[in-house]
Amino acid sequence: MHITSDIRNRLTARDRFSLAEVRRWMTEESDLELWSAVYEVLGPGWKLIKPEPDMDETCRFMTRYLLRCIHENTRNVDFGLPTGYEAAHELAACLKHWAARLPETAPVLNEVSALITDAYRTADMAERDRLLNGTLEHALEAPAVRPYFAAWKDDPLLCEPWLSAMKWGEAHGDAAGR
(Lines give C-alpha, C1' and ligand atoms only; values in the text may rest on other atoms or scores of the structure.)
Protein backbone atom coordinates (compact mmCIF):
# COMPACT_ATOMS: atom_id res chain seq x y z
CA MET A 1 0.00 0.00 0.00
CA HIS A 2 1.30 3.46 -0.90
CA ILE A 3 2.20 5.58 2.12
CA THR A 4 -0.32 8.26 1.10
CA SER A 5 -3.18 5.74 1.22
CA ASP A 6 -1.92 4.43 4.54
CA ILE A 7 -1.89 7.95 6.00
CA ARG A 8 -5.42 8.65 4.81
CA ASN A 9 -6.65 5.30 6.14
CA ARG A 10 -5.07 6.07 9.51
CA LEU A 11 -6.65 9.52 9.47
CA THR A 12 -10.08 8.03 8.74
CA ALA A 13 -9.58 5.51 11.56
CA ARG A 14 -8.49 8.36 13.86
CA ASP A 15 -5.18 6.59 14.55
CA ARG A 16 -2.35 8.50 16.20
CA PHE A 17 0.63 9.90 14.30
CA SER A 18 4.01 10.59 15.82
CA LEU A 19 5.45 14.04 15.31
CA ALA A 20 8.68 12.38 14.13
CA GLU A 21 6.92 10.56 11.26
CA VAL A 22 4.99 13.68 10.24
CA ARG A 23 8.22 15.67 10.19
CA ARG A 24 9.88 12.98 8.08
CA TRP A 25 7.03 13.12 5.55
CA MET A 26 7.25 16.93 5.46
CA THR A 27 10.83 16.66 4.17
CA GLU A 28 9.84 14.47 1.20
CA GLU A 29 9.76 17.33 -1.28
CA SER A 30 9.63 15.06 -4.33
CA ASP A 31 6.22 13.62 -3.40
CA LEU A 32 3.39 16.16 -3.69
CA GLU A 33 0.78 13.44 -3.10
CA LEU A 34 2.44 12.65 0.22
CA TRP A 35 2.42 16.33 1.08
CA SER A 36 -1.31 16.39 0.34
CA ALA A 37 -1.90 13.67 2.92
CA VAL A 38 0.36 15.42 5.44
CA TYR A 39 -1.63 18.63 4.86
CA GLU A 40 -4.78 16.72 5.83
CA VAL A 41 -3.11 15.36 8.95
CA LEU A 42 -1.97 18.85 9.95
CA GLY A 43 -5.47 20.20 9.33
CA PRO A 44 -8.34 18.05 10.57
CA GLY A 45 -5.99 15.44 12.02
CA TRP A 46 -3.81 17.86 13.99
CA LYS A 47 -4.96 16.57 17.39
CA LEU A 48 -3.95 13.03 16.38
CA ILE A 49 -0.26 14.02 16.24
CA LYS A 50 1.67 13.34 19.46
CA PRO A 51 3.33 15.43 20.58
CA GLU A 52 1.44 18.14 18.74
CA PRO A 53 3.51 20.19 16.29
CA ASP A 54 3.93 23.86 17.05
CA MET A 55 2.01 26.49 15.17
CA ASP A 56 5.03 27.92 13.33
CA GLU A 57 6.08 24.54 11.96
CA THR A 58 2.53 23.68 10.95
CA CYS A 59 1.82 27.00 9.24
CA ARG A 60 5.22 26.97 7.48
CA PHE A 61 4.55 23.54 5.97
CA MET A 62 0.97 24.40 5.00
CA THR A 63 2.23 27.51 3.22
CA ARG A 64 4.97 25.61 1.38
CA TYR A 65 2.46 22.98 0.27
CA LEU A 66 -0.14 25.48 -0.92
CA LEU A 67 2.40 27.67 -2.73
CA ARG A 68 3.74 24.58 -4.45
CA CYS A 69 0.22 23.62 -5.56
CA ILE A 70 -0.35 27.18 -6.81
CA HIS A 71 2.91 27.03 -8.73
CA GLU A 72 2.49 23.54 -10.22
CA ASN A 73 -1.26 23.95 -10.90
CA THR A 74 -1.92 20.24 -11.16
CA ARG A 75 -4.99 18.31 -10.17
CA ASN A 76 -5.38 14.77 -9.03
CA VAL A 77 -8.71 14.11 -7.38
CA ASP A 78 -7.67 10.60 -6.31
CA PHE A 79 -4.86 12.01 -4.19
CA GLY A 80 -6.59 15.20 -3.10
CA LEU A 81 -4.33 17.55 -5.03
CA PRO A 82 -6.02 20.90 -5.57
CA THR A 83 -5.74 23.03 -8.68
CA GLY A 84 -3.67 26.17 -8.42
CA TYR A 85 -6.78 28.28 -7.87
CA GLU A 86 -8.15 25.92 -5.22
CA ALA A 87 -4.83 26.07 -3.38
CA ALA A 88 -4.80 29.86 -3.73
CA HIS A 89 -8.25 30.11 -2.14
CA GLU A 90 -7.13 27.76 0.63
CA LEU A 91 -4.07 29.93 1.27
CA ALA A 92 -6.32 33.00 1.53
CA ALA A 93 -8.47 31.15 4.07
CA CYS A 94 -5.33 30.25 6.05
CA LEU A 95 -4.19 33.88 6.08
CA LYS A 96 -7.59 35.03 7.37
CA HIS A 97 -7.62 32.26 9.98
CA TRP A 98 -4.12 33.15 11.19
CA ALA A 99 -4.99 36.88 11.23
CA ALA A 100 -7.93 36.09 13.51
CA ARG A 101 -5.40 34.73 16.04
CA LEU A 102 -3.21 37.84 16.24
CA PRO A 103 -0.93 38.80 17.95
CA GLU A 104 0.19 35.18 18.47
CA THR A 105 0.41 34.59 14.72
CA ALA A 106 2.21 37.82 13.72
CA PRO A 107 5.52 36.00 13.03
CA VAL A 108 3.69 33.48 10.84
CA LEU A 109 1.92 36.21 8.88
CA ASN A 110 5.20 38.08 8.39
CA GLU A 111 6.88 34.96 7.04
CA VAL A 112 3.96 33.91 4.85
CA SER A 113 3.53 37.37 3.34
CA ALA A 114 7.26 37.37 2.46
CA LEU A 115 6.91 33.93 0.84
CA ILE A 116 3.89 35.06 -1.18
CA THR A 117 5.76 38.21 -2.23
CA ASP A 118 8.75 36.16 -3.38
CA ALA A 119 6.47 33.72 -5.22
CA TYR A 120 4.70 36.57 -6.99
CA ARG A 121 7.97 38.18 -8.05
CA THR A 122 9.27 34.97 -9.65
CA ALA A 123 5.97 33.72 -11.08
CA ASP A 124 4.84 33.70 -14.67
CA MET A 125 1.65 35.57 -15.58
CA ALA A 126 -0.66 32.60 -14.98
CA GLU A 127 0.74 31.94 -11.52
CA ARG A 128 0.60 35.65 -10.69
CA ASP A 129 -3.06 35.58 -11.63
CA ARG A 130 -3.68 32.70 -9.23
CA LEU A 131 -1.80 34.48 -6.44
CA LEU A 132 -3.57 37.78 -7.04
CA ASN A 133 -7.13 36.62 -7.76
CA GLY A 134 -7.13 33.45 -5.71
CA THR A 135 -5.12 34.49 -2.67
CA LEU A 136 -4.55 38.22 -2.24
CA GLU A 137 -7.97 39.53 -3.19
CA HIS A 138 -9.64 37.17 -0.75
CA ALA A 139 -7.04 37.44 2.01
CA LEU A 140 -7.29 41.24 1.91
CA GLU A 141 -11.01 40.98 2.65
CA ALA A 142 -9.79 40.68 6.25
CA PRO A 143 -8.52 44.07 7.47
CA ALA A 144 -6.08 42.33 9.83
CA VAL A 145 -4.24 40.78 6.85
CA ARG A 146 -3.77 44.07 5.00
CA PRO A 147 -0.76 45.42 6.96
CA TYR A 148 1.25 42.33 6.01
CA PHE A 149 1.05 43.31 2.33
CA ALA A 150 1.21 47.11 2.75
CA ALA A 151 4.80 47.25 1.42
CA TRP A 152 3.45 46.23 -1.98
CA LYS A 153 2.02 49.72 -2.51
CA ASP A 154 5.52 51.21 -2.67
CA ASP A 155 7.02 48.62 -5.01
CA PRO A 156 6.98 49.29 -8.78
CA LEU A 157 6.21 45.63 -9.65
CA LEU A 158 3.69 45.06 -6.86
CA CYS A 159 1.84 48.38 -6.64
CA GLU A 160 -0.70 47.74 -9.39
CA PRO A 161 -1.63 44.22 -8.23
CA TRP A 162 -1.82 45.47 -4.64
CA LEU A 163 -4.23 48.25 -5.64
CA SER A 164 -6.39 45.77 -7.52
CA ALA A 165 -6.42 43.32 -4.61
CA MET A 166 -7.16 46.09 -2.10
CA LYS A 167 -10.12 47.30 -4.16
CA TRP A 168 -11.51 43.79 -4.17
CA GLY A 169 -10.76 43.21 -0.49
CA GLU A 170 -12.37 46.46 0.61
CA ALA A 171 -15.43 45.91 -1.59
CA HIS A 172 -15.99 42.33 -0.45
CA GLY A 173 -14.52 42.36 3.03
CA ASP A 174 -15.72 42.49 6.56
CA ALA A 175 -18.15 45.41 6.91
CA ALA A 176 -16.72 46.19 10.36
CA GLY A 177 -13.29 46.64 8.78
CA ARG A 178 -14.42 49.25 6.24
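**View 1. Cys-69 is buried, at 1% relative accessibility.** Buried here means under 20% relative accessible area, exposed over 50% and partly exposed in between, for a 1.4 Å probe and protein chains only. The model is predicted, so local features need pLDDT of at least 70 and side-chain atom pairs count only at pLDDT 80 or more, while totals for chains, interfaces and linings use all residues. Residues are numbered from 1 along each chain as its sequence is written, and side-chain values use heavy atoms, with hydrogens and water left out.

**View 2. Cys-59 is buried too, at 3% relative accessibility.** The closest cysteine sulfur to that of Cys-59 belongs to Cys-94 and lies 7.5 Å away, which is too far for a bond. Cys-69 is likewise in no disulfide, with the sulfur of Cys-94 as its nearest at 11 Å. With a disulfide taken as a pair of cysteine sulfur atoms within 2.5 Å, the count is zero.

**View 3. Helix H4 (residues 55–72) packs with helix H6 (residues 106–122), their axes coming within 10 Å and crossing at roughly 15°.** Axes are lines fitted to C-alpha atoms, for helices over the stretch in contact, with angles from 0 to 180 degrees between N-to-C directions. Helices are DSSP runs (H or I, at least four residues), numbered from the N terminus.

**View 4. Residues of H4 and H6 are in contact, meaning heavy atoms within 4.5 Å.** H4 contributes Met-55, Asp-56, Cys-59, Arg-60, Thr-63 and Leu-67, and H6 contributes Val-108, Glu-111, Val-112, Leu-115, Ile-116 and Ala-119.

How values were computed: Helices (H or I, at least four residues) and strands (E, at least two) are DSSP runs, numbered from the N terminus.
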